[in-house]
Amino acid sequence: MKLLIVDDEELTRTGLISAIDWKSLGIDQIIQADDGIHGLEQARLYKPEIILCDVRMPRMNGITMLERLEKLLPDSVPVFMSGYSDKEYLKAAIRLKAVSYIEKPLNPSEVSQAVREAADLYIQKRHSRRGEVLKSMETASRLALLLTLPALPDIQTARRLFGELGFTVNSSTFFISFIIRMNTFPELSALEMFYQELSEFLEKRKINFIYTDKKHQNLLCFLFGQTEPSIRCFHEISDFICQRLSVLGRFSIAAGETVYGMAKAYQSYASAVILLQSSFFFPENTLLTPDRLNQSTKSSPELVSASPESEFADSLSSGLPESAFVLLDQLQEYFTENTKVFQNAVKDLYYKLFLTLDKARKQNLQTDDVYAEPIAEIIDRCFTFSELHQTLRRQTEDFLEHAGNQTHENPTIHMIKSYIGKHYMDETLSVKDISEHVFLSASYVCTFFKNETGHTLNQYLTEYRMEKAKQLLKDSRYRISDISSRVGYSDGNYFGKSFRKYSGLSPSEYREKNLK
C-alpha cells in the first residue's frame with residue numbers, strides 16, 4: 001500500500017519515516033506533503049490507500065483537504081494527528097471516518113497500530129465496494145440485454161432494475177445505443193478502466209449509461225438521460241470513446257438512432273446492428289452513425305463482371321497481369337464504403353477468389369507453404385474489407401511475380417525444389433534425403449544442382465529458409481523463437497546469426513523495419 005504523510009513540520013515527517021518499520025505494516029511507498037494544498041496534489045497523483053494527516057496546517061487544513069478527497073478516493077482511510085484537543089476536529093474526524101485520532105507528540109507504536117488498523121479497514125472497504133460494483137455490473141448487464149429485446153417484453157423488471165441502479169426513467173428519457181466490435185477482446189481490467197473513464201466523462205454531462213457484452217464478441221452500451229446531447233456534445237462523446245478504445249486494439253463502432261422511452265430502446269439497438277454490418281466496408285477505428293452513413297453512401301459503379309472469379313481465373317492464366325489488377329481495383333472501388341452489400345456475400349466472393357488463386361498456384365507448380373493457411377481462417381482474421389482485399393492483392397502480386405520469373409526448368413530440379421519446399425521445416429533435412437527422393441547419388445545431386453542453377457544445394461536451402469523467415473517475420477502473430485523452428489532451426493542463436501548474415505539485419509530489426 002501507499003501512505004501519504006501530510007504535516008507542515010518536516011521533523012515530524014522525517015521522524016515518523018525513520019522510526020517505524022513500514023514494510024512490516026504493508027506500506028511499500030511513502031509520499032510526503034507539507035500542507036493541505038500539496039497533500040491534495042500528491043493524493044490526486046499517487047492515490048494513497050492511507051493518509052496520515054495533521055489537522056492544523058497553513059493554507060489548507062487537514063479536514064478541508066480530506067473533504068475534497070472524499071469523492072476522488074472514497075476508499076482511502078485517514079488517520080488524523082494533532083497537538084490540540086479540539087472537539088470540533090474530533091467530530092470532523094468521526095464524520096470523515098478516520099480510523100484513529102493521534103495526539104502529538106507522536107508515539108511510534110501508537111502510529112503503527114493506527115496504520116495497521118487503517119490497512120485492515122481499507123481492505124474491508126475495497127472488498128465491500130468490489131462486491132457492490134460486481135452486483136451493479138451484473139444488474140446493468142442484465143438490464144442492457146433486456147433492452148435489446150423487441151417490444152421490451154418485461155417492462156416491470158426493467159423499471160425495477162433501473163431503480164436498483166439509482167436511475168429514474170420516463171417517456172421523455174432519451175436512449176442511444178453503441179455497439180463496439182473489437183478485433184481482439186480486451187483484458188477485463190482494461191475494459192473496466194475504459195468503462196470507469198467513460199462513466200466519469202458522461203457524468204459531467206449529466207448522461208448515464210449501462211453496458212454489457214454480446215457473447216464476448218461485441219461491447220454494447222446504452223447512453224440515456226433527460227436531456228438529449230447536442231451535436232457538439234455527441235461528437236465529444238464519440239471522440240472520447242474512439243480515443244480510449246484505440247489503446248485497446250482495433251475497433252468499429254455503430255451508434256444507433258436516438259429514441260425516447262425505454263420501450264423504444266430496442267429501435268436504437270436494431271439500427272446500430274444494421275450499421276455494424278456496414279462497418280466492415282469502412283476503415284478500422286471508425287464510428288458510424290445514421291447521419292454519417294447517409295453522407296457516406298456513394299453512387300458506386302455497377303460491378304463490371306457478372307462472374308468475378310471466372311474473370312480472375314482467366315486473368316491469372318492469360319499471362320496478362322494487368323487485367324487481374326484492373327479487376328481487383330474495380331472490386332475495391334465497388335465495395336469500399338458500400339452500404340448496400342452484405343458482408344457475408346462479399347466474404348463468400350473473396351473465398352472463391354482465394355480458391356481461384358490457390359488453384360492457379362498448383363497449376364503453375366508453385367508449392368509454397370506460406371499460403372497453406374486455410375482460406376476460411378484468412379478471411380476470418382481480416383477485420384475490415386480493406387484488410388481482406390489487400391491480403392488477396394498481395395498474394396496475387398506474389399503469384400504473378402513468381403510466374404513472371406519462372407523459366408522452364410529441368411524436371412529433376414523442380415522435384416528437388418518441390419521436396420525442399422515441403423520439408424525445409426525439418427532441421428534434419430540433408431542432401432542424402434534429397435538425393436534419395438530423386439533417385440540419384442548425393443555427390444551427383446550436388447554437382448547437377450550447381451550446374452543447373454548456379455547455386456549449391458545447401459546454399460539454396462539456406463536462402464529458401466531465410467526467405468520464408470522474412471515472410472513470417474512480417475506477421476506479428478508469430479514469435480521469433482517460433483519462426484526459428486518453423487524454418488528448420490532448433491537453435492535460436494544460430495538462426496539469428498544466419499539471418500543477419502543473409503539479410504544484414506537481426507530478425508527483430510527486420511521485423512521492426514517491415515512492420516512500421
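How close do the axes of helix H16 and helix H19 come, and at what angle do they cross? This is a predicted model, in which local features need pLDDT of at least 70, side-chain atom pairs count only at pLDDT 80 or more, and totals for chains, interfaces and linings use all residues. Residues are numbered from 1 along each chain as its sequence is written, and side-chain values use heavy atoms, without hydrogens and water.

**View A. Helices H16 and H19 cross.** The axes of H16 (residues 411–423) and H19 (residues 457–473) come within 11 Å and cross at roughly 45 degrees. Axes are lines fitted to C-alpha atoms, for helices over the stretch in contact, with angles from 0 to 180 degrees between N-to-C directions. Helices (H or I, at least four residues) and strands (E, at least two) are DSSP runs, numbered from the N terminus.

**View B. Residues join H16 to H19.** Ile416, Lys417, Ile420 and Gly421 of H16 make the contact with Leu457, Tyr460, Leu461 and Tyr464 of H19. Contact means heavy atoms within 4.5 Å.

**View C. Threonine 286 lies in strand S11.** The strand covers residues 286–288. Threonine 286 has 9% relative accessibility and so counts as buried; buried means under 20% relative accessible area, exposed over 50%, and partly exposed in between (1.4 Å probe, protein chains only). Apart from neighbours within four places in sequence, threonine 286 is in contact with Phe251, Ser252, Ile253 and Arg292.

View D. A search of the whole structure finds 0 disulfides (pairs of cysteine sulfur atoms within 2.5 Å).
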